[in-house]
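Subject: Structure handover and notes

Hello,

Please find the structure below, with the sequence. My notes follow it.

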Amino acid sequence: MKRTASRTGILAALVGLVVTGLTAVAGPAQAGPVHHQAAADAQAVAAYWTPERMRSAVPIERLVQAPPLSLKDVAKGESTIIQSIPNGGGAWTGAGKVVQTAGRVFFTMGGRNASCSGDAVTSANGSVVITAGHCVKYQGAWHTNWTFAPGYNNGNTPYGTWAAKSTLTTPQWEASEDMNYDVGAAVVNPLNGQRLTDVVGAQGIAFNQARNQSMYTFGYPAAAPYDGTKLIYCSGSTFTDFLLTKDHGMNCNMTGGSSGGPWFLNFSEATGAGVQASVNSFGYTFLPGYMFGPYFGTDAQNLYNKAQAA
């Protein structure tokens, strides 16, 4: 989507949220992660998301507009890696942890059913899904009917659908939808008496890591040439965005619907396990074939800590 008329509009015309973008909503700065208590009943959310509704959910990028941009670095703290407890798995192409922890996210936004991607990470409460900020809240409104389908495959949900009891985002995303902080989280309800990561396992998560490392990224792109039916991945060396953000960048052609999917350091194709250090966030319309994801600094770590304590 292109806009011209003002400096903000000209900048916005350059950027897409894989590939369409977001617009800022003015709001007060927050001291910590922003939390939303989901009002929907878990059973009602599960009943709402029929296979037909999942197949027809549109990539969120079709429903949003272009973002404000700020060329500034993300606050950093002490280097921290929180490892997941290893579990077994075959080759990633056959199975492996990633096809259990990564999944498709579904929600209602402005009366439209939409989709993103997400990943189950290790946490004290066993119930945390990490995704993009715009996959939980956009332009002042929290998404409703939010649910996570780990291992989603062409309408099949082999591990069930997990309704969020609360969703969270960074204070910078809440205040001004700053693309450097496009990180979100959900705390999901138990399902059949079990916690999410007790069922699907969990990936590790890392903060304040060195930049420009090799990484893998996963998601469920649903815009052409993809259709959201299966898990897609990219891999390779990364770089730091030198244009309008300080995000990680990677050569990757995933499209809308992949937003919120995990970026992994130290990923093993043999086991499907890695350490999550970013999420799919946006792409520049004038630079096709590249994906960008926010640096997980101190604010992303504060968000994670609040989510795992919820």
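How many of the 9 residues of strand β6 (residues 112-120) are buried? The count is 8, so described because buried here means under 20% relative accessible area, and the strand is mostly covered. Please keep in mind that this is a predicted model.

Phenylalanine 107 has alanine 114 in β6 as its bridge partner. The two strands β5 and β6 make a hairpin, with 2 residues between them. Glycine 110, in the turn, has a positive phi of about 60°.

Next, the aromatic rings. The structure holds 18 aromatic pairs. In one of them, phenylalanine 207 and tyrosine 304, the ring centres are 5.7 Å apart and the planes are at 40°, so the pair is tilted. Phenylalanine 207 belongs to strand β13 (residues 204-207) and tyrosine 304 to helix α7 (residues 298-309), so this pair ties together parts that are 97 residues apart in sequence. Phenylalanine 207 and tyrosine 304 are both buried.

Tyrosine 284 and phenylalanine 292 give an edge-to-face pair, because their planes are at 80°, with the centres 5.0 Å apart. Both of these residues are buried as well. They also belong to a cluster linked by ring pairs, made up of Phe239, Phe282, Tyr284, Phe286, Tyr290 and Phe292.

Is histidine 248 buried or exposed? Histidine 248 counts as buried because its relative accessibility is 4%. The residue is found in strand β16 (residues 248-251). Leaving aside residues up to four places away in sequence, histidine 248 touches several residues, among them Arg211, Trp263, Met291 and Tyr295. Its contacts also include Phe239 and Phe292, and these two are members of the aromatic cluster.

Finally, two charges sit over rings. The charged end of arginine 53 is over the ring of tyrosine 48, at 4.0 Å from the ring centre. For lysine 137, the charged end sits over the ring of tryptophan 142, 5.8 Å from its centre.

Regards

Note on methods:
Residues numbered from 1 in each chain as written. Predicted model: local features only at pLDDT ≥ 70, side-chain atom pairs only at ≥ 80, totals over all residues. Heavy atoms only, no water. Buried < 20%, exposed > 50% of the residue type's maximum accessible area, 1.4 Å probe, protein only. Helix = DSSP H or I, 4+ residues; strand = E, 2+ residues; numbered from the N terminus. Pairing = 2+ DSSP bridges. Contact = heavy atoms within 4.5 Å. Phe/Tyr/Trp six-rings, centres within 6.5 Å; stacked < 30°, edge-to-face > 60°. Lys NZ or Arg CZ within 6 Å of the ring centre and 35° of its normal.
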